[in-house]
Amino acid sequence: MKAFRIHRHGGPEVLDLEEMPRPEPGPGEVRVAVRACALNRLDLWVRNGIPGHTFPLPLIPGSEVAGDVEALGDGVQNIRPGDPTLVAPGLSCGHCDRCLGGEDMLCPRYGILGEHRDGGYAEYLAVPARNILPLPRGLSYVEAAALPLVFMTAWHMLVARARLQPLEDVLIHAAGSGVSSAGIQIARLLGAPRIIATAGSAEKLEKARALGATHLIDYRQTDFAKEVREITGGKGVEVVFDHVGGEVFERSLRALAWAGRIVFCGATAGAEARINLRAAFYKSVSLLGSTMGSMAELRHLLRFIEAGKLRPVVDRALPLEEAGEAQQALERREQFGKIVLTVGDPEVAGAPPAVEATE
Ligand SMILES: [Zn+2]
């Protein structure tokens with residue numbers, strides 16, 4: 001099969017399409033013929049490397065995959081070859097207290113497809129059978145690939161961690177990212193009266209409005225913290241949704257209402273932030289770290305996808321061979337929503353499958 005496998009860290013030049021054997025599904029595993037694989041910022045970390053962190057090289061990146069079940073390893077039940085599937089991106093042991101308690105993303109052996117084992121920048125991949133979910137009805141492979149990691153992450157942030165209540169206002173940073181395009185929709189679903197979105201262009205802000213943002217802030221033009229206070233009549237927002245970090249995180253404290261919560265799942269602009277502890281305790285604010293989400297949350301939110309209440313946001317679909325160009329577009333932050341790679345016939349990847357998955 002063809003696959004992009006990373007042998008050493010570096011720029012786009014380390015992404016080389018190579019021929020390699022198809023992965024054999026081990027006991028309890030399934031081989032999937034990949035139709036579509038969405039990009040994540042994680043793919044850039046995997047490619048560039050992170051000082052002090054060791055990735056299991058060589059490694060095929062790609063965390064969000066949709067495709068067709070192709071072969072079954074020993075002992076796999078309830079799944080048939082040919083089943084269209086959305087692959088859950090989280091890998092966990094399945095038998096520790098966390099896993100059995102429905103918090104598999106806190107499993108001591110937790111990993112992510114494309115970071116801890118080979119992912120979807122390939123024609124085939126092998127995954128544990130419990131990661132195989134039926135492709136949501138009515139969605140194309142491209143749309144399905146655009147959702148699992150980002151929607152699960154955004155859902156866990158707003159529902160489980162921040163516990164957003166119906167009349168609470170939300171600030172969503174970096175609306176053009178996949179996780180924020182999901183966050184805006186989930187905030188709308190939960191009934192937030194004010195959903196304030198920030199982005200770095202008028203075009204992205206208009207797209208955020210179409211997803212449900214009620215107020216738009218171009219962070220290059222204005223101080224978002226000041227703007228948020230004006231929009232909310234001095235109150236601030238109850239919840240800030242962040243993955244930018246750094247200086248944005250520091251200023252987000254000033255945009256918070258009393259007893260507000262900052263929920264954050266990343267720190268793309270910087271992992272260090274200075275926090276005024278007096279302001280933080282006096283206002284009773286909470287800083288809530290969040291990572292991924294549980295398998296149960298993913299299955300639950302897929303119902304809202306199938307009901308049309310939440311929808312994956314696809315910026316563009318490109319053939320697998322153009323993974324390097326696709327990553328550069330992501331690095332330049334050109335996209336709104338998800339950039340998706342397609343494998344095989346783009347017509348097939350861009351349409352719902354003809355057959356339904358085994359329930
Ligand atoms: Zn576990």
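Helix axes are lines fitted to C-alpha atoms over the stretch in contact, and angles run from 0 to 180 degrees between N-to-C directions. Helices (H or I, at least four residues) and strands (E, at least two) are DSSP runs, numbered from the N terminus. The model is predicted: local features need pLDDT of at least 70, side-chain atom pairs count only at pLDDT 80 or more, and totals for chains, interfaces and linings use all residues. Residues are numbered from 1 along each chain as its sequence is written, and side-chain values use heavy atoms, with hydrogens and water left out.

Helix α4 (residues 148-161) packs against helix α5 (residues 178-189) at about 45°, and their axes lie 8 Å apart. That angle makes α4 oblique to α5 (under 35 degrees is roughly parallel, over 145 roughly antiparallel, 65 to 115 roughly perpendicular, the rest oblique). Contact means heavy atoms within 4.5 Å. On α4, the contact residues are Val150, Phe151, Thr153, Ala154, Trp155, Leu158 and Val159. Those on α5 include Val179, Ala182, Ile186 and Leu189. By class, this contact holds 11 nonpolar, four polar and no charged residues (Ala, Val, Leu, Ile, Met, Phe, Trp, Tyr, Cys and Pro count as nonpolar, Asp, Glu, Lys and Arg as charged, and the others, Gly among them, as polar).

α4 also packs against helix α10 (residues 295-306), at about 100° and with axes 10 Å apart. The two helices, α4 and α10, are therefore roughly perpendicular. Among the contact residues are Phe151 and Trp155 of α4 and Leu301 and Phe304 of α10. The contact of α4 with α10 has nine nonpolar, two polar and one charged residues.

A zinc ion is coordinated by the SG atoms of Cys93, Cys96, Cys99 and Cys107, at 2.3 to 2.4 Å. Donors are N, O and S atoms within 2.8 Å of the metal (3.2 Å for Na, K and Ca); water is not among the atoms, so sites may look incomplete. The zinc site is tetrahedral, with angles of 106 to 115° among its four donor atoms (four donors count as tetrahedral if all angles lie between 85 and 135 degrees). Along the chain, the donors follow the spacing C-x2-C-x2-C-x7-C. Cys96 lies in the loop between β6 (90-91) and α2 (97-100) and Cys107 in the loop between α2 and β7 (111-112), so this pair ties together parts 11 residues apart in sequence.

Key: Four donors count as tetrahedral if all angles lie between 85 and 135 degrees; four count as square planar and six as octahedral if opposite donors are over 155 degrees apart and all others between 65 and 115; anything else is irregular.
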